[in-house]
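Reader: I'd like to go through the aromatic contacts here. Can you take me through the calls and the cut-offs behind them?

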Amino acid sequence: MDTPKKPPVEGKSFAANVNATSGKSQKRIFKRKRAGIVLTREEVAAIKIGRKKLRKELKAAGIKSKKEFELTAASLMLYFDKPKFLALIPWLFGGKGLWLLLGAAAALLTVLLAMSMVTELRGHFTINLSDGMFREGFTLSETARFENPTMRLFAEPAVDVPAFSIGDIKEDVNSIDGRHNEDQYFAYTYYIRNEGESTVDYSWQLRLNSETQELSEAVWVMVFEDDVMRFYAKPREDGSQEALPYFGEDNRGYVKQPLIQYAAQPEDQYDLVWQNGEHARYRLIPLNFESDEIVTSGIQTSVEPMEYHKYTVVIWLEGDDPDCTNEKIGGYAGIEMQFQLVGEEENSSNSFERKWKEFWEGLAS
């Protein structure tokens with residue numbers, strides 16, 4: 001088979017036409033260049049016409065190779081410089097470039113996820129198991145039957161709740177599984193079970209993980225552990241223990257002792273102010289928060305396989321607390337409960353939200 005010969009190409013006329021033109025600059029953002037020199041609109045048009053004519057003539061001669069066309073066009077100055085950003089495409093999608101691109105995308109998604117999770121979990125009530133608890137086989141559930149066991153629980157916060165009184169907390173607050181009574185206060189009941197093979201000890205902490213407008217000054221917290229209850233509040237500004245009515249104010253008080261049948265320390269938390277026959281008034285004395293961050297903590301020893309424990313956490317804005325003022329309107333408080341094995345390093349029980357928060361703060365710094 002005879003190899004078709006290339007037809008004579010009037011390349012000089014193409015080049016001469018291109019070089020002879022001059023005129024207006026291009027309007028496009030990425031200017032067309034040849035040999036590093038920005039072309040005019042007329043030069044761009046002339047090259048396009050020349051390339052079109054060259055392609056037509058080569059096809060007529062039976063030459064359809066793109067490589068052949070580009071080599072011929074280059075020799076006749078009928079070409080444009082490749083944009084630099086296009087030159088990056090093969091590098092980005094091959095070899096190290098691909099890994100760099102994937103890494104950058106993953107980093108961006110991680111940052112976005114960190115921001116969204118911190119925003120999402122802000123103000124929620126979360127319950128977390130440490131790595132050691134997870135390895136030992138502990139699980140959480142909203143029901144005593146553990147239909148849906150999990151390593152982490154979280155509940156939507158109570159929103160737009162009014163100032164409330166401890167005396168109005170319902171008697172069955174410890175008897176309803178999951179989240180309840182959100183219209184007036186927050187209450188959440190759940191269970192933890194040892195589904196491992198070892199008998200172990202675990203500890204827990206109830207912590208403030210976020211707040212605005214110093215809302216914790218007016219927040220009171222009640223914790224039931226296996227149906228035994230204690231309630232807590234932050235100390236007063238001078239460091240003294242909170243009480244309602246305050247110590248020395250003996251002309252008023254509560255007409256009943258709310259939920260005293262569940263109290264672990266009734267003699268410390270309920271005080272008789274005065275009594276006249278069948279009429280009596282009582283002072284309620286919350287235990288102090290352990291610190292600005294820790295509400296309270298506890299420990300369970302010798303927890304055997306398949307043994308479970310029940311917890312109910314109640315959170316409300318105590319309307320009789322002097323710190324419950326209009327300045328608290330619009331604030332939020334996020335609280336979490338952390339479980340870890342006794343002797344386990346404390347940082348292994350960091351909450352999910354705190355891990356994201358520390359990661360995000362590290363990026364910001």
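Author: A search of the whole structure finds 18 aromatic pairs. Rings of Phe, Tyr and Trp (its six-membered ring) pair if their centres lie within 6.5 Å; planes under 30 degrees apart count as stacked, over 60 as edge-to-face and the rest as tilted. This is a predicted model, where local features need pLDDT of at least 70 and side-chain atom pairs count only at pLDDT 80 or more, while totals for chains, interfaces and linings use all residues. Residues are numbered from 1 along each chain as its sequence is written, and side-chain values use heavy atoms, with hydrogens and water left out.

Reader: Why is the pair of phenylalanine 138 and tyrosine 202 called edge-to-face?

Author: Their ring centres are 5.7 Å apart and the planes sit at 80 degrees, so edge-to-face it is.

Reader: And why is the pair of tryptophan 220 and tryptophan 316 called tilted?

Author: Here the centres are 6.2 Å apart and the planes at 55 degrees, so the pair is tilted.

Reader: What makes tryptophan 220 count as buried?

Author: Buried means under 20% relative accessible area, exposed over 50%, partly exposed in between (1.4 Å probe, protein chains only). Tryptophan 220 has 0% relative accessibility, so it counts as buried. Tryptophan 316, at 2%, is therefore buried too.

Reader: What makes arginine 236 lie over the face of tyrosine 246?

Author: The rule wants NZ of Lys or CZ of Arg within 6 Å of the ring centre and within 35 degrees of the ring normal. Arginine 236 is 3.5 Å from the ring centre of tyrosine 246 and lies over its face.
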